[in-house]
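Subject: Structure handover and findings

Hello,

Here is the structure we discussed. Please open it alongside this message, then read on for what turned up.

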Amino acid sequence: MVKLLLILLSLCYFSGNTRTQDHNDLCGTYVPSQQWEDIFSVYVQQFRNNMGLRTNDQFVEYTIPVIFHVIHSGQSVGTFPNIVQAQINSQITVLNQDYAGTGFNYSTYPSNAFVQWAINQSLPQANLDSLGRVKIANINIKFCLAEKDTLGNILTEPGIERINLNSRGWVNPNTFTTPQTLRAYFDGTIKPGSIWNVRKYLNIWISDKNAAVPFTGFATLPPLSTLPGITGGGEGTETTDGIWSYTSAVGSALLFPGGIYASPNVRGRTITHEAGHYLGLRHIWGDGNCLTDYCTDTPPAFTSNTGFPVYPLNPGSCGSPSNSPNGEMYMNYMDYSADPAKYMFTYDQAVRMQTAMLNSPFRNQLGTHGLCVAVLGFNNEGGNTPLGYELFQNYPNPFNPATEISFRIPEQTSVSLNIYNSIGEQISVLLDEIKRAGYHTIKWDATEYPSGIYYYQLMSQSIIFTKKMVLLK
């Protein structure tokens with residue numbers, strides 16, 4: 001039987017000062033129907049059987065192009081809610097770090113986290129790290145800002161469509177005072193009026209909201225439309241598929257301090273969480289008291305957690321199976337803990353997301369249309385830049401044919417600075433054999449190259465990292 005759909009209205013703590021009011025982080029994603037879950041679970045089991053997975057290294061690598069629809073009412077760029085490109089860039093960096101298992105605060109994972117619980121549950125080695133903990137998984141899914149629009153034109157701001165709602169005759173989203181009316185307006189008007197091809201792009205809408213609306217994000221589930229009759233569980237459609245987020249929950253105040261955030265604690269985990277739903281994950285507490293999220297390596301939780309919990313949290317709060325002696329996994333992205341307190345997905349969650357990418361008709365073509373390139377496997381922006389290294393380039397520029405690239409290195413070493421085009425072909429070596437620490441500035445003469453997306457990469461004996469730039473003539 002198909003269960004009645006629920007809208008999740010459990011509060012989440014989102015500490016710190018806000019722009020205008022106290023801010024609660026709450027997810028408005030629909031609870032999947034049991035019919036959807038039953039079919040999806042079959043796909044998960046088929047995935048395990050067919051792929052013969054043992055370690056994350058065997059997961060297929062996917063890259064998902066993202067388009068942010070920035071909804072505003074005529075504000076200039078940099079004025080809320082029309083946020084700057086750099087704040088959105090920081091969100092992509094967060095996604096790539098979080099889905100690689102190297103997100104902010106992942107190194108604080110307790111050395112004995114869930115070890116005894118894993119032993120009690122006889123978890124397979126694939127679910128554990130070298131210390132016997134439930135491991136922080138590398139999902140092997142990457143995200144990149146779309147470089148082309150639906151007509152194949154180069155976007156001057158990668159991954160961004162700025163939409164003045166006044167020009168569309170739309171009502172400002174901040175006028176809706178209930179979760180139901182806000183979501184209904186997005187699903188009925190804004191999404192259908194602005195959505196890009198759901199088989200090519202992950203659509204993310206960001207906007208203001210009324211303080212009376214408690215949630216900061218909602219997503220659609222991966223549809224299973226190859227099987228007729230699977231409806232009513234919050235699956236995406238051709239006109240609604242994607243994610244909505246409150247603008248002030250986008251990006252990271254750590255990576256881009258100049259942004260506009262609901263709290264100093266914003267680390268971009270709202271969209272990390274909603275992208276989990278978009279890829280088939282359930283809330284860590286199973287959307288009820290001690291219910292299942294269909295992942296064997298996530299301990300049961302009595303309900304959602306908020307704020308900044310301390311490990312171990314609530315041992316014995318659930319039985320059958322018991323979560324003793326290690327308690328609840330509040331650091332999982334699918335809980336409601338504060339952004340800095342969350343830093344992990346598990347192996348079984350990775351299996352579910354990989355299953356969605358393989359089987360959902362709105363997911364299995366993502367990244368196959370040449371809309372963006374995860375060049376050399378590195379984030380577009382320098383969020384992971386090692387201590388002491390910096391690359392400087394206003395992004396998006398657009399830069400003129402004679403541009404300067406500056407960088408700082410902390411060591412005396414041989415260095416090369418290489419330029420790549422949008423498909424990853426090396427087209428120029430700008431500088432080689434620097435053997436002194438400190439700042440360096442060089443010029444790249446791009447007069448012979450067409451307008452478009454380019455990447456410049458610094459390589460030394462100890463490090464390699466990449467940034468993006470836009471050439472317009």
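A question to start: are F114 and Y311 buried or exposed? Both F114 and Y311 are buried. Keep in mind that this is a predicted model.

**Aromatic pairs**

The structure has 15 aromatic pairs. F114 and Y311 make one of them: the ring centres are 5.4 Å apart and the planes stand at 75°, so this pair counts as edge-to-face.

F186 and W244 form another aromatic pair, a tilted one. Here the distance is 6.0 Å centre to centre, with 55° between the planes. This pair also links distant parts of the chain: F186 belongs to helix 5 and W244 to strand 6, 58 residues apart. Both F186 and W244 are buried. There is also an aromatic cluster, formed by Y99, F143, Y333 and F345.

**Helix 5**

Since F186 is in helix 5, a look at that helix.

**Salt bridges**

How many salt bridges does the structure hold? The count is 13. In one of them, the side chains of R269 and D98 meet at 2.9 Å, N to O. That bridge ties together distant parts of the chain, 171 residues apart: R269 is in helix 6 (residues 269-278) and D98 in helix 2 (residues 85-100). R269 has a relative accessible area of 1%, so it is buried. D98 is buried too, at 2%.

R162 and E157 also form a salt bridge, with the closest N and O atoms 2.8 Å apart. R162 is partly exposed, with a relative accessible area of 21%. E157 is partly exposed as well, also at 21%.

A further bridge joins D287 and R282, with the closest N and O atoms 3.3 Å apart. Both D287 and R282 are buried. They belong to a network in which salt bridges with shared partners join E37, R282, D287 and R352.

**Charges over rings**

Two arginines are worth a look here. R267 lies over the face of F104, 5.1 Å from the ring centre. R363 lies over the face of Y278, 3.5 Å from the ring centre.

**Overall picture**

The protein has 7 helices and 13 strands. Of its 473 residues, 58% are buried. Among contacts between residues at least 6 apart in sequence, 72% join residues at least 24 apart. The accessible surface comes to about 17,900 Å², and 52% of that belongs to carbon and sulfur atoms.

Best wishes

Terms used:
Residues are numbered from 1 along each chain as its sequence is written. This is a predicted model: local features need pLDDT of at least 70, side-chain atom pairs count only at pLDDT 80 or more; totals for chains, interfaces and linings use all residues. Side-chain values use heavy atoms; hydrogens and water are left out. Helices (H or I, at least four residues) and strands (E, at least two) are DSSP runs, numbered from the N terminus. Buried means under 20% relative accessible area, exposed over 50%, partly exposed in between (1.4 Å probe, protein chains only). Contact means heavy atoms within 4.5 Å. Accessible areas come from the Shrake-Rupley method with a 1.4 Å probe; for residues, only the protein chains shown count as cover. A salt bridge is a side-chain nitrogen of Lys or Arg within 4 Å of a carboxyl oxygen of Asp or Glu. Rings of Phe, Tyr and Trp (its six-membered ring) pair if their centres lie within 6.5 Å; planes under 30 degrees apart count as stacked, over 60 as edge-to-face and the rest as tilted. A charge sits over a ring if NZ of Lys or CZ of Arg is within 6 Å of the ring centre and within 35 degrees of the ring normal.
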